[in-house]
Amino acid sequence: MIERRPYTFDRVVRIVFSICGLLVALYLLNVLKGVLLPFLVACLICYMLEPLVKWNQRIIHIRSRFLPVILTLLEAMIVVGVLCAGFFPYIANECGEMAEMVKAYASKQIQIPYISESIHRFIRDNVDWNQITRLLSRDEWRELIKKTLSSSWSFLSSGVSIVASIVSWMVVIIYVLFIMLDYERLMLSFKQLVPPTHRRRVYRIISDIKHTMNRYFRGQFLIAAIVGILFAVGFLIIGLPMAVLFGLFIGVLNLVPYLQLISLPIAALLCLVWCAGTGGNFWVIFWEAMAVYLVVQCIQDLFLTPKIMGNAMGLNPAIILLSLSIWGSLLGFMGLIIALPLTTLLLSYYNLFVIEKTSLTGDPLS
């Protein structure tokens with residue numbers, strides 16, 4: 001029979017203090033999130049770029065991290081610059097074409113087999129197409145930029161806290177540089193802070209967190225990026241409006257596995273707009289879009305996920321979505337960054353200190 005530890009006064013006090021400590025930690029995170037957010041973003045960037053730093057070290061055959069880190073940052077800046085220079089003009093043209101199609105759909109009466117006219121009427125009555133057209137137009141972008149520049153001084157002079165928050169975001173690159181230069185030393189220092197008597201348990205929890213982070217911050221990010229590019233290319237081939245933006249948006253959704261399925265109604269709506277703007281057959285482009293979904297999903301499930309993620313089991317997609325929702329609601333954008341590490345920490349702690357202790361008559365780690 002399993003022996004249960006009695007709830008002595010000392011144990012109850014420890015539990016109460018642990019709960020109070022957790023609540024205080026959450027409160028401090030919420031209060032200091034404006035200061036901690038740039039640092040956490042820098043830590044996430046460093047974590048994502050660390051494999052590239054290692055790769056550069058192997059290529060140039062040098063043990064010092066300074067040159068590989070500088071080279072990695074230059075490579076990242078070049079990639080981002082090339083993407084911005086190549087995609088921004090194309091995206092602007094896409095938005096202009098989409099604006100014209102939206103105008104056509106808002107004004108035309110189109111007949112599509114097997115789709116009732118009441119559905120079109122419902123969409124037209126409940127979607128502000130004029131507002132969407134204005135948002136997609138270049139004139140609206142120019143006016144927004146002019147307003148932003150003209151009100152910049154009043155914005156900056158509205159409070160010291162706003163200026164401080166802007167400056168804090170500017171130091172992200174400084175955080176990134178210093179953290180990347182001392183990345184290995186920092187990781188070793190954190191491990192050495194753990195008392196020797198608790199290192200076995202804590203190192204096991206750290207190993208679980210590291211395993212999950214490798215999957216969902218590196219592996220899943222790489223899969224999501226590839227999937228987004230595949231969707232963008234597929235939509236470009238069939239001529240779907242907003243192909244690049246919509247494909248990359250689906251890639252972002254794919255950071256949580258299978259969440260890209262919620263984009264299906266948007267795809268159907270884009271097919272409707274394309275039909276009104278070009279006079280083409282709705283069902284032809286709709287089934288072509290569904291074929292893109294099917295092909296990309298097969299590539300992801302049969303090739304990308306086994307090659308990149310392997311056969312190791314990770315967090316359930318429902319758990320990922322739940323953790324992102326809870327921590328995001330509690331701590332905002334900072335909660336989205338720390339959601340998976342904290343969720344993994346809690347699950348690992350529960351597995352180590354609750355499940356294993358109740359499954360055996362004694363403490364397996366004592």
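Leaving aside neighbours within four places in sequence, which residues is N56 in contact with? N56 is in contact with P68, L71, T72 and E75, where contact means heavy atoms within 4.5 Å. This is a predicted model, in which local features need pLDDT of at least 70, side-chain atom pairs count only at pLDDT 80 or more, and totals for chains, interfaces and linings use all residues. Residues are numbered from 1 along each chain as its sequence is written, and side-chain values use heavy atoms, with hydrogens and water left out.

**Overall make-up**

- The protein chain has 16 helices and zero strands. Both are DSSP runs numbered from the N terminus: helices are H or I with at least four residues, strands are E with at least two.
- Of the 366 residues in the protein chain, 31% are buried. Buried means under 20% relative accessible area, exposed means over 50%, and partly exposed lies in between (1.4 Å probe, protein chains only).
- Take the contacts in the protein chain with a separation of 6 or more: 69% of them join residues 24 or more positions apart.

**Helices α2 and α9**

- Helix α2 spans residues 33–60 and helix α9 spans residues 172–181. Their axes come within 9 Å and cross at roughly 45°. Axes here are lines fitted to C-alpha atoms, for helices over the stretch in contact, and angles run from 0 to 180 degrees between N-to-C directions.
- α2 and α9 are therefore oblique to each other. The classes are under 35 degrees for roughly parallel, over 145 for roughly antiparallel, 65 to 115 for roughly perpendicular, and oblique for the rest.
- The crossing of α2 past α9 is right-handed. That term applies if the near helix is turned clockwise from the far one by less than a right angle; anticlockwise is left-handed.
- On the α2 side, the contact uses P38, F39, V41, A42, C43, I45, C46, L49 and V53. On the α9 side, it uses V172, Y175, V176, I179 and M180.
- The residues of this contact of α2 with α9 comprise 14 nonpolar, no polar and no charged. Nonpolar covers Ala, Val, Leu, Ile, Met, Phe, Trp, Tyr, Cys and Pro; charged covers Asp, Glu, Lys and Arg; the others, Gly among them, are polar.
- V172, V176, I179 and M180 are the buried residues of α9. They lie on the same side of α9, because they cover an arc of only 95° around the axis. The arc is that of the directions from the helix axis to the C-beta atoms.
- An α-helix has 3.6 residues a turn, so residues three or four places apart point the same way.

- N56 sits in helix α2. It counts as buried because its relative accessibility is 2%.
- H61 lies in the loop between α2 and α3 (66–107). It has a positive phi of about 55°, although it is not a glycine.
- H61 counts as exposed, because its relative accessibility is 71%.

**Helix α14**

- V296 is in helix α14 (residues 282–309). At 5% relative accessibility, V296 is classed as buried.
- Not counting residues up to four places away in sequence, V296 touches V227, L230 and F231. V296 and I229 are 67 residues apart along the chain, and 10.0 Å separates their C-alpha atoms.
- Q297 is also in helix α14. At 16% relative accessibility, Q297 is classed as buried.
- Q297 touches Y258 and Q260, again not counting residues up to four places away in sequence. From Q297 to F231 the C-alpha distance is 9.7 Å, across 66 residues in sequence.

**The loops on either side of α12**

- M242 is in the loop between α11 (199–238) and α12. Its phi is near 55°, a positive value in a residue other than glycine.
- M242 counts as buried, with 13% relative accessibility.
- V256 lies in the loop between α12 (243–253) and α13 (264–278). V256 counts as buried at 7% relative accessibility.
- Leaving aside neighbours within four places in sequence, V256 is in contact with P317, I320, L321 and L324.
- V256 and A318 are 62 residues apart in sequence, and their C-alpha atoms are 8.7 Å apart in space.
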